[in-house]
Amino acid sequence: MLSPASRDPEAVKGVMFGLTAYTMWGCFPLFFALFDGIPAFEILTHRILWSCIFLVGLISLLRRWPPVIAALIEPKRLGRVLACALLIAFNWGLYIYAVESKQVLQASLGYFLTPLVNVALGVLVLREVMARLQLIALGLASLAIAIQFVMLGELPWISLALALSFGSYGLFRKQVPLDGLSGLFVETLLLFPLALIALTWLSWQGESHFISDVPMSVLLMISGVLTALPLMAFAGAARRLRLATLGFLMYINPSIQFLIAIIIFDEPLGLIQLITFAMIWTGLALYSWSSWQSRPRQKAAI
């Protein structure tokens with residue numbers, strides 16, 4: 001007998017891509033914590049530059065230039081790709097800032113919220129149907145944010161910005177008619193001139209750490225490769241899976257970040273934060289159960 005998954009190899013590939021991407025992202029705080037004293041803006045600049053350079057070599061090796069060239073000569077197609085590029089660059093930069101400012105818990109909260117943002121975007125933009133439990137899940141998340149605002153006197157703006165930017169990136173990326181590798185390269189290519197200008201300005205101002213600090217220079221170059229690998233995996237998942245499924249796999253990333261923040265970085269977790277996390281976890285549990293209940297019922301084939 002064949003399982004439903006075995007009859008849908010593309011879905012299996014999508015799940016594997018998603019697991020790889022979210023596990024790598026979950027461990028990112030450990031990597032970016034190594035950049036002690038280097039501003040987030042400079043790290044972001046190098047992430048873009050070295051990601052693009054790495055992808056040039058990879059695409060050349062795999063002889064995957066035709067879809068890239070086809071995308072570049074169609075301005076209409078580039079609109080959504082540019083939106084993806086700007087959204088992911090903003091998300092990268094804000095995430096680095098969160099790690100550097102020792103706010104990994106806020107980053108974790110943002111990525112816990114992202115699946116629920118995906119649900120909302122799926123309903124508002126893609127006209128996907130929202131079940132009652134999903135509505136309750138969104139309500140719990142909204143109430144949790146409201147409690148943080150009232151009790152702590154401030155919105156968790158890092159969490160909200162990360163969730164909205166990455167959720168929107170997933171939405172636009174799903175609508176880009178490019179394979180994962182080609183789409184990611186076009187995104188970084190569109191950002192490359194801006195990153196090059198930024199690096200030139202930093203060097204002109206004498207504020208660049210590249211070359212002058214050899215160990216940091218190596219880490220900055222590695223950041224490009226580590227940036228590209230999970231994004232390639234995510235793009236492969238986004239092309240094969242529904243937004244709801246992507247949201248379910250997303251739990252891996254913030255769970256790892258949450259544990260790193262508490263156990264390794266020793267960030268304080270106050271009672272109000274714990275309550276709001278618990279509310280969002282409850283919402284995610286309801287959302288997961290709803291997604292499981294609404295999955296297609298398929299009979300196994302012999």
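A residue is called buried under 20% relative accessible area, exposed over 50% and partly exposed in between, with a 1.4 Å probe and protein chains only. The model is predicted: local features need pLDDT of at least 70, side-chain atom pairs count only at pLDDT 80 or more, and totals for chains, interfaces and linings use all residues. Residues are numbered from 1 along each chain as its sequence is written, and side-chain values use heavy atoms, with hydrogens and water left out.

Select Phe31 and Phe32. Phe31 counts as buried at 12% relative accessibility, and Phe32 is buried with a relative accessible area of 2%. Rings of Phe, Tyr and Trp (its six-membered ring) pair if their centres lie within 6.5 Å; planes under 30 degrees apart are stacked, over 60 edge-to-face, and the rest tilted. Phe31 and Phe32 form an edge-to-face pair, 5.2 Å centre to centre with 75 degrees between the planes.

Next, select Phe277 and Trp281. Their ring centres are 5.5 Å apart and their planes stand at 45 degrees, so this pair is tilted. Phe277 is buried at 2% relative accessibility, whereas Trp281 is partly exposed at 32%.

Then widen the selection to Tyr22, Trp25, Phe28, Phe31, Phe32, Phe35, Tyr95, Tyr111, Phe166 and Tyr169, which form one aromatic cluster. The search of the whole structure finds 18 aromatic pairs.

Finally, select Ile280. Leaving aside neighbours within four places in sequence, Ile280 is in contact (heavy atoms within 4.5 Å) with Leu109, Phe112, Leu113, Ala141 and Ala144.
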